[in-house]
Amino acid sequence: MSVYKPPSADLEAPDHDTGRDHPRGLRPRLRFALRRRAAARQLRRPATRREVGTPAPTGPPGRSSSGGSTPRPRATIPYITAREGEVDESFLALRASFSSAGGSRISYADEGWRDRDAQGVLWARVSQSLDEHGVLVGAPRWKMINPARQRETMSQLLCQFCREPARTDEGILFLHSTKAGALDSSTSLRTTQPPFCRKHARMAPDRCSHLAKHGVALLAQSAPLYGVVGTPYRYTADRTIQAMACDGDPVPYGHGDLDWMVASQLVRTLRAFKVVNLEDL
Ligand SMILES: [Zn+2]
């Protein structure tokens, strides 16, 4: 069993790594020259690797971080993408307990304050592949999302790729597929996809073939929390806890089903949004 969830049908995760980091419209010869220059810089840089979207190293012994004009390394893996070595550790610690209201609910035997969100919903425990400096490592598991990093970026409205703030003066930038039909900006949409900064929204179609065909950007004026997607459990007659089939439908905060659910994705509602072509960002 795994709590990793591919994104819901409204949007697909990046399905490959193009390594693209240049603005649209650069001529092939210019792109080639930029790549050669970047490769030369890479050769001159120390071997230490840092990926965008991860905390800065606390400072390896004996090394200064000063370097003036050293460019940031190229980001190739979205921050929320699951990595090899990340393990779902939820099930072994699950047990039944009683809530403060007296009802039964699912919990962890050694539950801590980080295990539940502000609405009291229990979250999956999935490890993170970090090195000794807190930098994400491990090969990407494309189309798989790490629940902790999805929760972090969605709750704080950070770019799902680089972890920088995604809020702009014009609204919060989300990407959406129009495959299911045309959008009416007067309606509300629900999404499990954390927002993007402007730079990475522009790059997204090159990383996701689905978005390249059907993607649009939405600038939302409001994006309140809605609920979660997760795995429902039940307490059986022989006093064991059993996972049930997950339909992937979001369950709103306040719903009774959440007492017996382990969440793996945070869901927001997009309201008062403006549809923008990705090419126009
Ligand atoms: Zn970004």
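**Entry 1: confidence**

The structure is a predicted model, in which local features need pLDDT of at least 70 and side-chain atom pairs count only at pLDDT 80 or more, while totals for chains, interfaces and linings use all residues. Residues are numbered from 1 along each chain as its sequence is written.

Over residues 1-74 pLDDT stays under 50. The model has 94 contacts for this stretch beyond four places in sequence, a contact being two residues whose C-beta atoms, placed from the backbone, lie within 7 Å. Where pLDDT is low, the predicted coordinates should not be read in detail.

**Entry 2: the chain as a whole**

I recorded four helices and 13 strands in the protein chain. Both are DSSP runs numbered from the N terminus: helices are H or I with at least four residues, and strands are E with at least two. Of the 281 residues, 31% count as buried. A residue is buried if 20 or more other C-beta atoms lie within 10 Å of its own, exposed if 12 or fewer, and partly exposed in between, with C-beta atoms placed from the backbone. Among contacts with a separation of 6 or more, 77% are between residues 24 or more positions apart.

Does strand β2 lie in the open or is it buried? I found that zero of the five residues of β2 (residues 94-98) are buried, so the strand lies largely in the open. Five bridges join β2 to β3 (residues 104-108), and the two run antiparallel; strands pair if DSSP finds at least two bridges between them. Leu94 has Tyr108 as its bridge partner in β3. Five residues lie between the strands of this hairpin, where Gly102 takes a positive phi near 95°.

I then looked at Ala93, in the loop between β1 (81-83) and β2. Ala93 is partly exposed because it has 13 C-beta neighbours inside 10 Å. Ala93 and Ala109 are 16 residues apart along the chain, yet their C-alpha atoms are separated by 5.6 Å. Not counting residues up to four places away in sequence, Ala93 touches Tyr108, Ala109, Asp110 and Arg125.

**Entry 3: the partners of β13**

Which strands pair with β13 (261-276)? I listed four of them.

- β4 (122-123) runs parallel to β13 and is joined to it by two bridges; Trp123 stands opposite Ala263.
- β8 (residues 189-191) pairs with β13 in the antiparallel sense over three bridges; Arg190 stands opposite Thr269.
- β9 (residues 215-222) is antiparallel to β13, with five bridges; Ala217 stands opposite Val276.
- β10 (225-235) is antiparallel to β13, with seven bridges; the partner of Val229 is Gln265.

**Entry 4: helix α2**

Which residues of helix α2 (residues 147-156) are buried? I noted Pro147, Arg149, Gln150, Arg151, Thr153 and Met154. These buried residues pack against β4, β5 (140-145) and β13. An α-helix has 3.6 residues a turn, so residues three or four places apart point the same way.

Leu157 follows α2 and is found in the loop between α2 and β6 (167-168). Although Leu157 is not a glycine, its phi is positive, about 55°. Leu157 is partly exposed because 16 other C-beta atoms lie within 10 Å.

**Entry 5: two further loops**

Arg239 also has a positive phi, of about 65°, although it is not a glycine. I placed Arg239 in the loop between β10 and β11 (241-243). Arg239 counts as exposed because it has 7 C-beta neighbours inside 10 Å.

Where is Asp257? Asp257 is in the loop between β12 (251-252) and β13. Asp257 is exposed, with 11 other C-beta atoms within 10 Å. Leaving aside its neighbours within four places in sequence, I found Asp257 in contact with Pro232 and Val251. Asp257 and Tyr233 are 24 residues apart in sequence and 9.5 Å apart in space, C-alpha to C-alpha.

Methods: pLDDT = per-residue confidence, 0-100.
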